[in-house]
Amino acid sequence: MGGIGTRSFLSSSPFRGARPRHGRHDADYTPIPPTLYEVEYMKRHREVVHLKRSCGILLALSSLPDGTGSGDLGGPARAFVDFLARAGQSLWQVLPLTRTDGLLGNSPYSSPSAFAGDTLYLALDDLVEQGLLAPEDLTDAPSFLDGRTDYDAVRAYRDGKVRLAFGKFAPDGAYYDFLERQRYWLTDYTLFTALKERFGGLPWNLWPEELRRREEDALRAAAADLREEMDYLAFGQ
């Protein structure tokens, strides 16, 4: 695309470097210089990214063998990455890792949050290494389905272990820095999730009116009442 001019580029972009004033196509039609936004658009879309030819594998994280009903970000994931490297692969495409909703079929594309990761994928073995779980805490895993993920059963087991780890967690400066950096979405997510659990999974439009309308006093009172649950949900992130 070297040598492309501003006017010729903009004429083929979503913007137009020349357009009629007041929407009239008559003698008053005069070219209008591109705005700064249009120029920035042009600069960005003139860039050409050169990538080497590569290949990889699509595999949902939940499909990894783990023994606890679902794959996670622990040992099996690292072993799979090593396998990809030995096989000459350079890409691992996964499905979204956001929290799923059983009422929506546990589809990773129907999540209550665009940012929150699913605690289903926290590596329980890593929590043992960090001293937040004891090895014997993982000896009571039930028999899960073979070849598929039973989300209800797996979530009940894994969330119980994450909650147990939360009870031993001592926040430090790095954790408080994380909370501050992610505050723009994390506070709303934890409050929304805690409220949804309190109301038995009902959609928000069936909650009390003061919460549906996001009245500040009601939200503040709910956050104070649900602080411990919100802290647990934040820990899971």
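What is the volume of the largest pocket? In this predicted model, the largest pocket has a volume of about 540 Å³, where a pocket is an open set of points on a 1 Å grid over the protein atoms alone, with a 1.4 Å probe fitting at each point and protein on both sides within 12 Å along at least five of seven lines, and lining residues have an atom within 4 Å of a point. The volume is the space filled by probe spheres set on the points, which are joined across faces, edges and corners.

Residues are numbered from 1 along each chain as its sequence is written. Because the model is predicted, local features need pLDDT of at least 70 and side-chain atom pairs count only at pLDDT 80 or more, while totals for chains, interfaces and linings use all residues, and side-chain values use heavy atoms, with hydrogens and water left out.

Of the 25 residues lining the largest pocket, Arg-99, Thr-100, Arg-155, Thr-193 and Glu-197 are the closest to its centre. Helix α5 gives the largest share of this lining, six residues. Of the 15 residues lining the second largest pocket, Leu-73, Leu-122, Ala-123, Gly-236 and Gln-237 are the closest to its centre.

| Pocket | Volume | Lining by class |
|---|---|---|
| Largest pocket | about 540 Å³ | seven nonpolar, nine polar and nine charged residues |
| Second largest pocket | about 310 Å³ | eight nonpolar, five polar and two charged residues |

In these classes, Ala, Val, Leu, Ile, Met, Phe, Trp, Tyr, Cys and Pro count as nonpolar, Asp, Glu, Lys and Arg as charged, and the others, Gly among them, as polar.

**Thr-100**

Thr-100 lies in the loop between β2 (91-93) and α4 (124-129), and with a relative accessible area of 8% it is buried, that is, under 20% with a 1.4 Å probe and protein chains only. Its side chain makes a polar contact (N or O atoms within 3.5 Å, one able to donate a hydrogen and the other to accept it) with the side chain of Arg-155, at 3.0 Å. Leaving aside residues up to four places away in sequence, Thr-100 touches (heavy atoms within 4.5 Å) Asn-106, Ser-107, Pro-108, Asp-118, Tyr-151 and Arg-155.

**Leu-186**

Leu-186, placed in helix α7, is buried, with a relative accessible area of 3%. Not counting residues up to four places away in sequence, Leu-186 touches Phe-178, Leu-179, Ala-234 and Gln-237; the C-alpha atoms of Leu-186 and Gln-237 are separated by 8.8 Å, although the two residues are 51 residues apart along the chain.

Technical notes
Helices (H or I, at least four residues) and strands (E, at least two) are DSSP runs, numbered from the N terminus. Buried means under 20% relative accessible area, exposed over 50%, partly exposed in between (1.4 Å probe, protein chains only).
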